[in-house]
Number of protein chains: 2
Amino acid sequence: MKKVKIGMLGLGTVGSGVYKTLKRFDNVEIVKISVKNIDKPRNIEGLDESILTTDVYSIINDPEIDIFVEVIGGVNPAWEYISAAIKAGKHIVTANKELLAKKGKELFELAEENNRVVLYEAAIAGGIPLIMPLKTILAGNDITKIEAILNGTTNYILTKMDVEGASYNDVLKEAQELGYAETDPTGDVEGFDAMYKITTLSTIAFGQRVDVNKVYREGISKVRAEDMKAANELGYKIKLVAIARICEDGRVDVRVHPTLVPKKATLAHINYVTNAVGMSGYPIGDIVLSGPGAGEFPTASSVIGDILNIAAEIETTDYPLPMMRCKHSDDANIVPISETYNKYYISITAPNNKGVIGKIGTVCGNKNISVSSIMQKGVSENNTADITVITEVCKEADIQAAISELDGCNINSLIRVM
Amino acid sequence: MKKVKIGMLGLGTVGSGVYKTLKRFDNVEIVKISVKNIDKPRNIEGLDESILTTDVYSIINDPEIDIFVEVIGGVNPAWEYISAAIKAGKHIVTANKELLAKKGKELFELAEENNRVVLYEAAIAGGIPLIMPLKTILAGNDITKIEAILNGTTNYILTKMDVEGASYNDVLKEAQELGYAETDPTGDVEGFDAMYKITTLSTIAFGQRVDVNKVYREGISKVRAEDMKAANELGYKIKLVAIARICEDGRVDVRVHPTLVPKKATLAHINYVTNAVGMSGYPIGDIVLSGPGAGEFPTASSVIGDILNIAAEIETTDYPLPMMRCKHSDDANIVPISETYNKYYISITAPNNKGVIGKIGTVCGNKNISVSSIMQKGVSENNTADITVITEVCKEADIQAAISELDGCNINSLIRVM
């Protein structure tokens, strides 16, 4: 059997999972791996160290290599190497969500010009079968809505806060000690990771290019233990939800922010590092795909799936995987967050004078905001009252204006409700 | 653009969904539909009645037609037409779970001999993307376990029994009136439908042919409202679960039966006509795919997905969809139900003499069955006691032997526990 030859860039967590798992298949073979430091001790069973190199171009320029696997992450230098590899005739498998979100258009145009495919199942929702199903068996659908938990670190932190009643800072520290959060956790906790993923996922699902710079993003670092508790009492869980939907006017609403999810929704039960993607469309209706969103082996499952599919098709055709290509070029018209409509959870600390509930009601009324529920609990020692408001659906600009008019009140939290 | 021409056999619920939805795509076209009765009034918007025929062979023998879509169900005459269509050079798309379970081996061998593909996404779990993901992006995995809810009718009945505390017969009658169950509900309620589906699903997932005649099957018609209530109190829901797993000795355990599912498991929350498929494997870990398991439009989504994938590939290659082919020929060695190991829920009505709990304990002990919990509630007017037992994991043959020794006791229910 002819073996399809593979060169890989990177041998970190994902790369070593791919190396170990791919050895079980006899129609594909990793023949070169580019690493930064060739002498770094590596604990990878059965690793043939003779295939390691520090010269990426020895892979890119090797005519025997058919598939270039990129698992280093980040835009630079990944983009330089991937674009050179495509021009050199290689098909690409990447797990690089940031590159896809920021360079997707150039990447897919370059791939089509060179009749090469770029697969990236591992970049979004780790091991969950998502991109290939969307582009193949779900191709007959108009997808109109995605609601997803796409970041394991933040879902772990929020689950722990919920289960233990602990504060964000305490749980973050514990997550860092356990390796679930990085030393600089910004990329995860401030929602950048989920933003990159929903940018590419919505681009594919809607067939319109979503500009990552126009995606609204809000992280979880301001979510308080008190919000978690209040949400529970009201019948919700707080999750970092990535949302993308086609509006009635054809514009596209894409964003990532903490969200109160009703307990009866599937996403409310997706806990710890598990990811889940809910999608709605015609003719299919609603589906939910859930599973491990990260980790050495789940991610390897997706990288290897991409590799095996390219390998099978290039044996028999010069135009492999027609369904997996990205040919749309329309730019999505993104709705600014101020023009979106949502329900809101608002936590307010107010001076405990008799008129404060009335004032909140009046300010909301003046902005056309209907209040769904309002709850005041006791009065604290310093004579302030904690008030929790849930609104009906209203315009983001109106809620922001209303809040700015609540002078004298302290707005602890404003969280959108699913 | 060249249109790929399609002939369809059947224009019932699924067929009309396919016809309506496929009109949105300009690279494929249904040119002939074979129906039993051409004069039957049909309420299908925009149907071109001139393409209807009663002569299936006018489709099979039309050299212009590339894809033969079969949506009539049943083994005969579907097998005759499909095999003739393959020999005539057509690719096949079918939603026929019974045919796949009973004739899968012959079907896929015939297809390979003729270099034609047979796709059947709609046959198992309706709209849920399952077969194509398993054969493509998950191809790098060794799947070792499947636990699935694959029949919407029984899940609807069990959900209603749970929510309303109603009896099986009352809910079945209501389901029949609403069209969720057929006049003769046997195929659904006795587990045949789920058995056909898990037979094919496990064959694909494990890469070994599962003989449908060796799959253990038990329906839901004996599940009592009292079992539902007791299960709830013990922290479970009762679901008709299709199970397939690779045992430690390499044998394959495949079966369909009512199962007590712990409330913390995802399957416990899959309600009404929704289906869900949980799979475990290496390297991926655990995933759950859920969505609509039946219905005109979800099923159409899968049929159309299959059609679009065949259409895209036959434009560019003479060996389309290499990953979707079924090439394994090993027969699975199926474990008989008597040799499986399970936990059990047992409901017993016993004469209320002092020794009965002791007797149950002694009989179980003699058969190496550990009791996890035993609960006796009150004593009824006729001086009998209702006793609920949950066992630890034990052998099916032992539990059956133990039950046969409980003379004088009435065994109301014996249900396996997940």
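Angles between helix axes under 35 degrees count as roughly parallel, over 145 as roughly antiparallel, 65 to 115 as roughly perpendicular and the rest as oblique, the axes being lines fitted to C-alpha atoms over the stretch in contact, with angles running from 0 to 180 degrees between N-to-C directions. The axes of α1(B) and α11(B) come within 8 Å and cross at roughly 60°, and these two helices are therefore oblique to each other. This is a predicted model, in which local features need pLDDT of at least 70, side-chain atom pairs count only at pLDDT 80 or more, and totals for chains, interfaces and linings use all residues. Residues are numbered from 1 along each chain as its sequence is written, while chains are lettered from A and ligands numbered from 1 in the order in which they are written.

Helices (DSSP runs of H or I, at least four residues) and strands (runs of E, at least two) are numbered from the N terminus. Among the residues of α1(B) that meet α11(B) are B:V14 and B:V18, and the α11(B) residues include B:A300 and B:I304, where contact requires C-beta atoms, placed from the backbone, within 7 Å.

Turning to the interface, 41 residues of chain B are in contact with 41 residues of chain A. On the chain B side, α1 (13–22), α5 (131–135), β12 (285–292) and α11 (296–314) each supply at least two residues, and the largest share, eleven residues, comes from α11(B).

Strand β12 (residues 285–292) of chain A and β12(B) pair in the antiparallel sense over three bridges, pairing being assigned if DSSP finds at least two bridges between strands. Within this pairing, A:S290 stands opposite B:V288.

Conventions
Contact = placed C-beta atoms within 7 Å.
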